[in-house]
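This report describes a ligand site, the packing of helices and selected backbone features. The structure to which it refers is shown below.

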Amino acid sequence: MKAIILAAGYAKRMRPLSRECHKTLLLAGGQTVLGRIVDSLLTNDVRELVIVTGYRDDQLRGYMAEEYGDLDVTWVHNPDFDTTNNIHSLALAFKEIKNEEVLIIESDLVVDPEVIKALVNSPYPDVAMVGPHELGMDGTVVTVADNVITQFIPPHLQPETFDFTDAFKTLNIYKFSAQFCDTVFRPTVDFYSQTIDSNCYYESILGILIYMRRCKIFAEVVDNNLWTEIDDPNDLEVANFMFTPEERSSILEGTHGGYWKYRFTDFCYIRNFHFPTGSMISDLRRNVKPLLANYGSSQQVLDRKISQFLECDADQIVLLNGASQAYPFLRQKFGDTRVLVPKPTFGEYRRIFPNARTYPDEPGIDMNRIEESLSTTDLVVFVNPNNPTGTVLPTEDLFDMASRHPKTVFLIDESFVDFCDETPVQDLLVDKHLDNVLIIKSLSKSLGVPGIRLGYVYSTNRELITTIKEEIPIWNINSMAEYFLELLFKNRPQLEASFQKSKDDRKEFAEALRTLEGVKDVVNGGGHFILVRVDPALFPSPKIVDDLLIQHATYVKDVTEAMGSSDTHLRFAVRDQRDNMRLVNILASLSAGS
Ligand SMILES: Cc1ncc(COP(=O)(O)O)c(C=O)c1O
């Protein structure tokens, strides 16, 4: 059995990385793309290769000579690689194949050897490897009935309304029998590329042959975790994540987001799972086009919109591109003053106030101790409920303390307040102004939309608010986020209901966690997350994060260091009931297995 590797392409989409280096020689998951394909073939006893080159032919030859010098490689050069497509490369490669079974492999794939094994061992004579179609995939798809491919559907035949539900994506890895190649496939590829079009994909020929019932190609369905296509630089990141499991947690920590491209369940980032509603999402989807095509409104309009939703004065609020937008301003204004922050807390407070003194949240905060330090404090930060402990301070106590200390600025972060039973301090300020209080709130968590970036600062201190407004760029919030704000007015009852559902989920999740072996404490917190203290012998820190990611595609936050404890401390975002119970079962299996 010979394997044809098609590696002639220009790889324009991979620029700038492919300017100096052939795309298949880029590192993906700790190995070159080509090296992984060749190793997978060798592991499965396929040792005769036909490699079609075009762009940077010399690099490929040099690489193979250096790394696989003893291999039997037939080199085929496609000098017209920049004006022809893979049909022409395949036609050239077919000249080297006579009356034998052949594997055809596109070189822009990062595959696990299991995929090649499944192909080589497939009982079918003519077979295409396919994976269930998923969001973000593009290219040719196929339909399958009784393991047989019934249609090849190239991108130009996939209209906007195309239903991908039952479609499969071709991996562009095939095995074809000598009979099919010699009598049907090769002659058609030759004829088509020579007389009709050499700048098209050979998959079109497969599509035509299937349509004309001139062949029967079986589908081998593979797990999408075992392969990925490499078209542009983002795909390399995905490949690194998939194929270097030991680096997964550092990749996720380093990116702080953009997790949609990776396959795992995220218990790290926190958001309302019951909002926005399905109809809000449909509404956004219907309006994507005008929203992308239009500028958002000025800050004045945005502040009016958020103030109307929150029923407060527009002069007292600044809508932000996420609460985080306030941090550079806070650093600039208060960075050189005497600041007091909780420990542990949301990391940005330590980052913007690196010299701040701290007060402990163990979990539990001693308000009397804080009050004693206020005479020497210019700004005190409260995160209520605090992250990651979930500690909730009574609103009345905070409000009273702020009224007794007018010279100290109280920065109160109420990002999680909707998930606890306390009234926000912000609500009390509407009737009784305290100009030394600045409320900051992320809307990512309560509205369930960290991706569109919404948050605000609120204060009855107009001077402070005016100074922040002056810092804001002329266009700050994107149209999608602004439109989302408009939708909120129609969905207030649903939002309220979602908070109740979230609290119910947290309660049920916490109760289930308490029953697990190795769980020493489940903190009764008010955030939309649960802090759990566990036995380090069963759940060692930081290894447990990797174990969960590698073995169970589940990402949790390890806060052991932040808690300064010898026990492992993990923070779990509350997701929906099904996901929460899945995590409980995984933890149960881990503690039982160790
Ligand atoms: C307490 C707290 N405040 C603010 C933020 C920042 O939120 P945003 O996404 O709105 O920037 C976070 C994010 O996790 C947080 O935990």
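In this predicted model, a polar side-chain atom of Ser415 lies 3.3 Å from a nitrogen atom of the ligand. Oxygen atoms of the ligand also take part in such pairs: one is 3.0 Å from a polar side-chain atom of Asn387, and one is 2.8 Å from a polar backbone atom of Ala323. The protein buries 92% of the 400 Å² that the ligand exposes when taken alone.

The shell around the ligand consists of 15 residues, of which Ala323, Ser324, Asp413, Ser442 and Ser444 are the closest. By class, this shell holds 6 nonpolar, 6 polar and 3 charged residues.

**Helix packing**

Two packed helices are described by the angle between their axes and the distance between the axes.

| Helix pair | Axis distance | Angle |
|---|---|---|
| α1 (residues 33-43) and α2 (residues 57-67) | within 11 Å | roughly 50° |
| α5 (residues 178-196) and α6 (residues 202-211) | 10 Å | about 120° |
| α21 (residues 543-552) and α23 (residues 577-593) | within 12 Å | roughly 110° |

In passing α2, α1 makes a right-handed crossing. Helices α5 and α6, at about 120°, are likewise oblique to each other, and the crossing of α5 and α6 is right-handed.

**Backbone features**

Which peptide bond is cis with omega near 20°? This is the bond from Asn387 to Pro388. Asn387 also supplies the polar side-chain atom that lies 3.0 Å from an oxygen atom of the ligand. Pro388 is found in the loop between β18 (379-383) and α15 (395-404).

The peptide bond from Phe275 to Pro276 is cis as well, with omega near 0°. Pro276 is placed in the loop between β14 (265-266) and α9 (278-286).

Asp45, a residue other than glycine, has a positive phi, near 65°. Asp45 lies in the loop that runs between α1 and β4 (48-53); α1 is the helix that passes α2 in a right-handed crossing.

How values were computed:
Residues numbered from 1 in each chain as written. Predicted model: local features only at pLDDT ≥ 70, side-chain atom pairs only at ≥ 80, totals over all residues. Heavy atoms only, no water. Near = heavy atom within 4 Å. Polar contact = N/O pair within 3.5 Å; in protein donor to acceptor, adjacent residues only side chain to side chain. Areas by Shrake-Rupley, 256 points an atom, 1.4 Å probe, with all protein chains shown as cover. Nonpolar A, V, L, I, M, F, W, Y, C, P; charged D, E, K, R; others polar. Axes fitted to C-alpha atoms, helices over the stretch in contact; angles between N-to-C directions. Helix = DSSP H or I, 4+ residues; strand = E, 2+ residues; numbered from the N terminus. Left-handed = near helix turned anticlockwise from the far one by under 90°. Parallel < 35°, antiparallel > 145°, perpendicular 65-115°, else oblique.
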